[in-house]
Amino acid sequence: QGNAAPSQEAASQQASLHDDERLAYTVAGARSPYWSFALFVTERVGSLWLVVAFHALLAAWLLSLLFRVAGAERFYLPAMAVLAVASSLPLIAALVMPDFLAATGALALVLILFYWPSLTLAERIGLWVSLAFGFSAHTSHWLTALLALIVGAYLLHRMKAPAREIMFRGALVGAAVIAAIVASEGYGVAVRAIRGETLHSP
């Protein structure tokens, strides 16, 4: 009997540990590992305020591109001042959440679909990477983007854009979506291969 009690206690602790691990994988299944890794790195390097700085810089860069390609560069600084003082942009940028990337993804989508010829190679790569990262950060982002892509393709068609160009720009967005899906599924496969556990959804 003396040995039975410790054995039961050890078994109980082991079961509790297993439940905690399952809960951890449930949480992991509900959150993007890539967004979580970015948060982990910024917190380790310095502070989560680095995420806020990243949000602000990304928004400023995308808006500067939009004003430039639209031929309205002189209005950029006044517009940013208005956004900083009279909009919710500073508040949303200060939220350490991947939801912010939905807005920046919309800007990147507009630039890729409608202003692709006016962008430099570095800008094109940066836009695609920001789009793909946004898609990998939250599933709803690429689902929304696919709906927006349909609308954008229709508008390009009405604007008499060549069908080949419409297909090419749509394929760029589609490639970002595929990259995000492959990255997400690849993480689940890696967890199963290394840990022998399956990601769960809450």
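Predicted model: local features only at pLDDT ≥ 70, side-chain atom pairs only at ≥ 80, totals over all residues.
Visitor: How do you know that the buried residues of helix 8 are on the same side?

Guide: Those residues are His-141, Trp-142, Ala-145, Leu-149, Gly-152 and Leu-156. The arc is taken from the directions running from the helix axis to the C-beta atoms. For these residues that arc is only 85°, so they sit on the same side of helix 8.

Visitor: What do they pack against, and which residues are exposed on the other side of helix 8?

Guide: The buried residues pack against helix 6, helix 7 and helix 9. On the other side, Leu-147, Ile-150 and Arg-158 are exposed. After helix 8 comes Lys-160, with a positive phi near 65°.

Visitor: Why is the Phe-67 and Tyr-76 pair called edge-to-face?

Guide: Ring centres have to lie within 6.5 Å to pair, and planes over 60 degrees apart count as edge-to-face. Phe-67 and Tyr-76 are 5.8 Å centre to centre with 70° between the planes, so they pass on both counts.

Visitor: Why is Tyr-76 called buried?

Guide: Buried means under 20% relative accessible area. Tyr-76 has 17%, so it counts as buried.

Visitor: What about the aromatic pair of Trp-116 and Phe-168?

Guide: That pair is edge-to-face as well: 6.0 Å between centres, 70° between planes. It links distant parts of the chain, with Trp-116 in the loop between helix 6 and helix 7 and Phe-168 in helix 9, 52 residues apart.

Visitor: Which residues touch the most other members in the largest nonpolar core?

Guide: Of its 29 residues, that goes to Ile-112, Leu-127, Leu-131, Phe-135 and Val-173. Helix 3, helix 6, helix 7, helix 8 and helix 9 each give two or more residues to this core. Apart from it lies another core of six residues, including Leu-63, Ala-72, Tyr-76 and Ala-79.

Conventions
Residues numbered from 1 in each chain as written. Heavy atoms only, no water. Core = buried A, V, L, I, M, F, W, Y, C linked by side-chain atoms within 4.5 Å. Buried < 20%, exposed > 50% of the residue type's maximum accessible area, 1.4 Å probe, protein only. Helix = DSSP H or I, 4+ residues; strand = E, 2+ residues; numbered from the N terminus. Phe/Tyr/Trp six-rings, centres within 6.5 Å; stacked < 30°, edge-to-face > 60°. Contact = heavy atoms within 4.5 Å.
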